[in-house]
Amino acid sequence: MREHPLATLVAVNDSGLVANHLPLRIIAEPAPGMLRGHIARANPLWKEYRSDIEALAIFQGPQSYISPSLYPSKQITGEVVPTWNYVVVHARGTLRFIHDAQWLREFVSALTDEHEATRAQPWKIGDAPAPYIEKMLSLIVGFELSITSVSGKWKLGQNRTAADRDGLIQGLRQADDADGRELASMLAAREA
């Protein structure tokens, strides 16, 4: 959730299911924690949210297509098919919307600081003209999702033989995408 903070927030409002894609900030204490984010004031979610139904934040971790050619058993039996490996986390909870200007400023500052931390010259909220920041803050609504449950789901070849999992690790380590290499590392850690 921390390494892949862009979540799909699924909720029910007056018109049915809605999904928003938002960077969320995890607040661990008090357990089980909460997620904080913001949406555009023009987004009807904050006006129409059905508070009697939990919302769901889906964090998509690494994911990759898996070719049957990565499995040594392809050469032996041929009994392999393509698949997709992935890691996701689902956090469920109730939403509370926040309009307080000071809360929004502190949240946006913390979120920005978190994501700018690795840059050589991090951008700070104070780098923009104050009237512009005030205008931008007036165009958003903050929210907190009080977590009631968290579940992880993954498909990492756990249904394959040890030889096939090793072939999968070797093949994904050579992948030309970061997600494939990250899945290889996760699978190798599970095998250790």
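The model is predicted, so local features need pLDDT of at least 70 and side-chain atom pairs count only at pLDDT 80 or more, while totals for chains, interfaces and linings use all residues. Residues are numbered from 1 along each chain as its sequence is written, and side-chain values use heavy atoms, with hydrogens and water left out.

**Exercise 1. Check the span of helix H5, then find its buried residues and what they pack against.**

Step 1: Helices (H or I, at least four residues) and strands (E, at least two) are DSSP runs, numbered from the N terminus. H5 covers residues 162–173, which makes twelve residues.

Step 2: The expected span of a helix is 1.5 Å times one less than its number of residues.

Step 3: Buried means under 20% relative accessible area, exposed over 50% and partly exposed in between (1.4 Å probe, protein chains only). In H5 the buried residues are Asp164, Arg165, Gly167, Leu168, Ile169 and Leu172.

Step 4: Contact means heavy atoms within 4.5 Å. The buried residues of H5 pack against strand S5 (55–66), helix H2 (73–76), strand S6 (83–98) and helix H6 (178–191).

**Exercise 2. Which residues of H6 are buried, and on what side of the helix do they lie?**

Step 1: H6 has 14 residues and reaches 20 Å from its first C-alpha to its last, close to the 20 Å expected.

Step 2: Gly180, Leu183, Ala184, Leu187 and Ala188 are the buried residues in H6. They cover an arc of only 135° around the axis, so they are on the same side of H6. The arc is that of the directions from the helix axis to the C-beta atoms.

Step 3: S5, S6 and H5 are among the elements that cover these buried residues.

**Exercise 3. How many aromatic pairs does the whole structure hold, and what do two of them look like?**

Step 1: Rings of Phe, Tyr and Trp (its six-membered ring) pair if their centres lie within 6.5 Å; planes under 30 degrees apart count as stacked, over 60 as edge-to-face and the rest as tilted. A search of the whole structure finds four pairs.

Step 2: Tyrosine 49 and phenylalanine 97 are 5.8 Å apart, centre to centre, with 75° between the planes, and form an edge-to-face pair. Tyrosine 49 is in the loop between helix H1 (45–48) and S5, and phenylalanine 97 is in strand S6, so the pair ties together parts that are 48 residues apart in sequence. Both tyrosine 49 and phenylalanine 97 are buried.

Step 3: Tyrosine 65 and tryptophan 84 have ring centres 6.0 Å apart and planes at 65°, so this pair is edge-to-face. Tyrosine 65 lies in strand S5 and tryptophan 84 in strand S6, so parts that are 19 residues apart in sequence are tied together. Tyrosine 65 is partly exposed at 44% relative accessibility, and tryptophan 84 is partly exposed with a relative accessible area of 44%.

**Exercise 4. Which residues touch the most other members of the largest nonpolar core?**

Step 1: A nonpolar core is a set of buried Ala, Val, Leu, Ile, Met, Phe, Trp, Tyr and Cys residues joined through side-chain atoms within 4.5 Å.

Step 2: The largest core has 22 residues, and Leu9, Leu35 and Leu95 touch the most other members. Two or more residues come from each of strand S1 (6–13), strand S2 (16–23), strand S4 (34–40), S5, S6 and strand S7 (140–155).

Step 3: A second, separate core has twelve residues, including Tyr71, Leu156, Leu183 and Ala184.
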